[in-house]
Amino acid sequence: MRHTDDFVQDELLRLLELLAGEAPPDRFEPPPKTAAGPPVPPESLAVLDRARTLALDVHGLFARRQQREAALAALVDTARELTLPYDVDALLQVITRRARLLLNFDMAWITLQDADGLSYVRESDGHVSTMTPGFAVPAKGGVGNAAADCSAPFWTADYLNDDRFPHSPATDEVVLSEGLHGVMAVPLKEGSDTFGALYGADRSVRHLTPDEITLMSSLGDLASLAIKKARLLAQTRSEISERELDASRALESATAERLVNSVHTRLIDMVLSGCELGEVTARAAAELGGALMVRDATGRTVAVTDGFPDFDEAELFQRTLDAHAELAPIRSADGLWLCPATAGREVLGTLILATDGPAIDYQLRLLRATAQSTAVLLRIEAGAETSADGGRSRLLQDLITDSPRSPEQLAVHARRLGVALDDPHVVLIARPDGGASGRALVWASSYAHRMAGLQTIVNDCLVLLIPGTDSGAAGRAVTAELTSVTGRRVTVGSAGPVARPSSVHATYEEARRCLEALTALGTDGGSASAQELGFLGLLLADNPDITAFVQTTIGPVIAYDGRHCTDLVHTLEAYFASGGSPRRAAEALHVHPNTVSRRLERITDLLGPSWQEPMRALEVQLALRLQRTRHAVR
């Protein structure tokens, strides 16, 4: 008995010594039995087995505690590494590598949501073949979406054989091709919002312990904070770069502005010192670093430097109108830069710059400053009046209204502007669809200069006084050109000619009535004078020319009767009096119906096939009535 107690005591001490020495588990097995000594009672063996089991439990507890301490140490080391100033891509590499090594996964990857709400694999670590960056994670199914839905870690020991969550074919195909079984996902959150997920996976069935789940969850929290910090850092760096760029641009702009002001001052000094336009242009071209051409308001070249390239004149004219309408430099298809030289809204000229390469901002600023200097010089050379009651637009305003100035004063003013009001002029009133603005205003100013006439604006209409004797032809020309320039319908009423300043007002009123008549007739987009409006012209004209109306309408028929002693005029009267019936007209004329038919065919040859149309027939009847009345009066 004493021997048995000693054996049990020795065995218990041995187990305690093994625990104290942190011996491996296989050392806790009982020693082999020896033949010497009495047998140990079953009660003692049971006590020893119980003690051995407790010793192994304590040994496992120590081992798990050591593992937990090692994991926490690794987590602290990971947290320390994640605090370094990485950019987002480098940080994701660190997170996936740490996740794989920390929990001994075969592979790890991380997904982030884009602005469109879809999740994409941004980084992966381990032996990966299909789960590469750029892979789009389906919006439904998989452990990642399950983790996001429950806002907590989600894992499965055998992915393809687990029906606790929905599956998606795309994800299942990737899992199958990678040979994955155990998969875990931890949501990445910012507050209550989930913006991604951290994944770990094994190529064998794996049941994760609570300690491993907790460790992965802690890593996910650290990753979320680190990603947020990296994004804020990237945003801050971007904003700093933008501020630095803005400061650099502001400094460059200020420097360029000082240079532009300096050059502008020198050019103005040259203008005020009496330098010729050619000298100013040559100096400006040297400062601009290119060839320079100056044109006046009529489009005439008044100065050009050496080396100016060839260009398309028609395209340049259109771009000149655009530059004047926008009051800013614009580029032509040939690579030329056009800048208007204006005084208020009056177009004085255009500067055209040709450079070897694309114009920089400094050159465009300097081009605007040069245009201002050139406008001053063009104004001086033109010698035009600049007082409050002077100018071309004001002169035409005085001519078409009840001006307090006498006709003699207006004529003198016109001669100073190079306009001879003693010569025949026509008045045109043009109304573009949408009103007179932009390109229409620029074109009117240029056209008036080109035609040596005057222009102004009245009630959103362009009013032109230009040399000429055929108001109808002038109106059609203006309609065609202005329609082409603006791309909109243009309606023009015209009147004239007029050769006295005192008669311009009445001629203007006649042109205005023609414009209103065109609108009333629904013929917007056309042009007409009082003579071209037929009998309406008689109503609109201040001095109706009845003889001209009769001759224009039925003159060929009257002339034919005079040459051949026929009675076509009488036949026309009978035809209209019978309501357009040849048979009843023949009865009234006491001739055969075939005779009336032949006479009507002759009238068609003389007046054209449209003489029986309603509007034309009305004019013919009015002309017949006026012709008979004139004979009766005589």
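First, my terms: I call two strands paired if DSSP finds at least two bridges between them. Helices (H or I, at least four residues) and strands (E, at least two) are DSSP runs, numbered from the N terminus.

Ground rules. This is a predicted model, where local features need pLDDT of at least 70, side-chain atom pairs count only at pLDDT 80 or more, and totals for chains, interfaces and linings use all residues. Residues are numbered from 1 along each chain as its sequence is written, and side-chain values use heavy atoms, with hydrogens and water left out.

Entry 1, strand S12. I looked up the partners of S12 and found strand S15 (residues 490-498), antiparallel over seven bridges. Isoleucine 429 has glycine 493 as its bridge partner in S15. S12 also pairs with strand S14 (residues 461-467), again antiparallel, over six bridges. There, leucine 428 stands opposite leucine 464.

I then checked burial (buried is under 20% relative accessible area, exposed over 50%, partly exposed in between; 1.4 Å probe, protein chains only). In S12 (residues 425-432), seven of the eight residues are buried, so the strand is largely enclosed by the rest of the structure.

Over residues 169-178, I get Thr171, Asp172, Val174, Val175 and Glu178 as buried. Seen down the axis of H5, they fall within an arc of 160° (taken from the directions from the helix axis to the C-beta atoms), so they line one face of the helix. Pro169, Glu173 and Leu176 are exposed on the other side. After H5 comes glycine 179, with a positive phi near 70°.
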